[in-house]
Amino acid sequence: MTETTLRPQKLRRNFYLMFWTNAFLNVKLIAMIATVFYLHRGLTNTEIFYTSIVWAIVMIILEMPSSYLADKWGRKKLIITGCLLNICTLLVYLFSWGFWLNALAVAFLAASFAAFSGTDEALIYDTGKELGQGKESFKNLGKFYAGNRVFKIFTPIIATFIAQDLSADQFNLLIYLDIATVLIALFMAIKLTEPNHFMDVEKMEKGVFKDAAHLLDMHPEMKKAMLSRTLIFISGFIVWRIQQDYFLDLGLSLLIVGIFWGLTQLIVYLVTSGLHKLEKSNTVTRLINLFNLLYLFLLGLFVFFGFNWVYPLLLLALNCLFQAVEAIRWPIYSYYFNEKSASYNRATTLSLTSLLKSLLDIPLLFLAALLVSYDTRYVFVLALVLAIIVYFSTLLKPLPK
């Protein structure tokens, strides 16, 4: 068989390889107990938020260069680089103690995330376009995001079972297992086939950032979509960042928290796998508005009961539900952004969303770090206020047909 005959076959394999690259990269056993890991490595709740600010700063520095490399150097090479940076994170975690070493690990992790941000979606989308499957991009992106969750259905239970005594050896075992899974992800990434970017190199070098910025200037709805995706994510993240410590203080065991978090991942996996079917009866923008409203409603119940009727299992269930809804929104937004951006600068355009998140992270995480020193529930109120403002100020209009 000639290379021309083999290429479509190799390209079709990209969907399979990216699914499993994403799946193994996101096993992240140590992340399942991140809060208690940091607390037992000498950090306070306030310093845990500071590590997230380190993440934001690194993302600001690397987001645009990494997205430019995705278009110029290639999606595959950058994905491989992201896997290697992830391994660096885990190696530092083996010896980290106190704020600065953990901040270094987070910096490597942010660099890894910057390498993947926009790049993975661009590879999926451009692969489909080269194969003549552009109309199936929503379905392909939904399956890709499902890969992010497939192992997380079980890993919270595994991680909390292994680390239930919160000992140093148990933490290190989780890290070693994470290293093994990232090595598998790296093997999958090496076998990827680079899809065409549908533009000449000169135009890519000279116009990629200018054209991506021009796109935002020309489409106010794109700005609203980026803000709603970003700020509601931050709203959920500041709750997630301290949720384990909060529920342990309420008397729940780490294993129970892990079981519920596994159920959350199962919900996300099942819904995102079949999310493209909803498009038949709903516009993409209507789905975005609907899921943002559902997130706001569930988070509101969580905050209300947190102050008025502290029933731990109910609060844990509500937390898992609104976090699931937040995660389910991502392939919908990805499809929306892909429909509004050109193929050649797709990775750059998508990464502008992550850059915006990093810029907004810094003041909001500083505020969360201040509030958590008084009462953990004040952070939840901040998350709710943020979600309310975002929902009513960023309702999207339907995409033109």
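This is a predicted model: local features need pLDDT of at least 70, side-chain atom pairs count only at pLDDT 80 or more; totals for chains, interfaces and linings use all residues.
Side chains of opposite charge can pair when their charged atoms come close. Across the whole structure, the search returns four salt bridges. One of them joins Asp126 to Arg75, with the closest N and O atoms 2.6 Å apart. This pair ties together distant parts of the chain, since Asp126 belongs to helix 6 (residues 119-130) and Arg75 to helix 4 (residues 75-93), a separation of 51 residues. Both partners lie away from the surface: Asp126 has a relative accessibility of 0% and therefore counts as buried, and Arg75 is buried too, with a relative accessible area of 0%.

Arg329 and Glu326 are both buried. A further salt bridge is formed by Arg377 and Asp375, whose closest N and O atoms are 3.1 Å apart. With a relative accessibility of 24%, Arg377 falls in the partly exposed class, because that class begins where the buried range, under 20%, ends.

Attention now turns to the empty space inside the model. Rolling a probe the size of a water molecule over the atoms shows where empty space is left. Sorted by class, the lining of the second largest cavity comprises six nonpolar and four polar residues, with no charged residue.

Helix 12 also has a part in the surface of the model, where it contributes to a nonpolar patch. The patch covers about 770 Å² and is made by Ile157, Ile256, Ile259, Leu263, Leu266, Leu270, Trp309, Tyr311 and Leu313. Helix 12 (residues 254-273) supplies the largest share, five residues. Ile256 is placed in this helix, and its relative accessibility of 30% makes Ile256 partly exposed.

Most residues other than glycine have a negative phi, and most peptide bonds are trans. Lys28 has a positive phi, near 45°, although it is not a glycine. Lys28 sits in the loop between helix 1 (3-25) and helix 2 (34-40). The relative accessibility of Lys28 is 26%, so this residue counts as partly exposed. Leu166, likewise a residue other than glycine, has a positive phi near 55°. The loop between helix 8 and helix 9 (168-190) contains Leu166. With a relative accessible area of 24%, Leu166 is partly exposed.

Key
Residues are numbered from 1 along each chain as its sequence is written. Side-chain values use heavy atoms; hydrogens and water are left out. Patches are made of residues with over 30% relative accessible area and no salt bridge: like charges are joined within 9 Å, nonpolar side chains (Val, Leu, Ile, Met, Phe, Trp, Tyr) within 5 Å. Accessible areas come from the Shrake-Rupley method with a 1.4 Å probe; for residues, only the protein chains shown count as cover. A salt bridge is a side-chain nitrogen of Lys or Arg within 4 Å of a carboxyl oxygen of Asp or Glu. Helices (H or I, at least four residues) and strands (E, at least two) are DSSP runs, numbered from the N terminus. Buried means under 20% relative accessible area, exposed over 50%, partly exposed in between (1.4 Å probe, protein chains only). Ala, Val, Leu, Ile, Met, Phe, Trp, Tyr, Cys and Pro count as nonpolar, Asp, Glu, Lys and Arg as charged, and the others, Gly among them, as polar.
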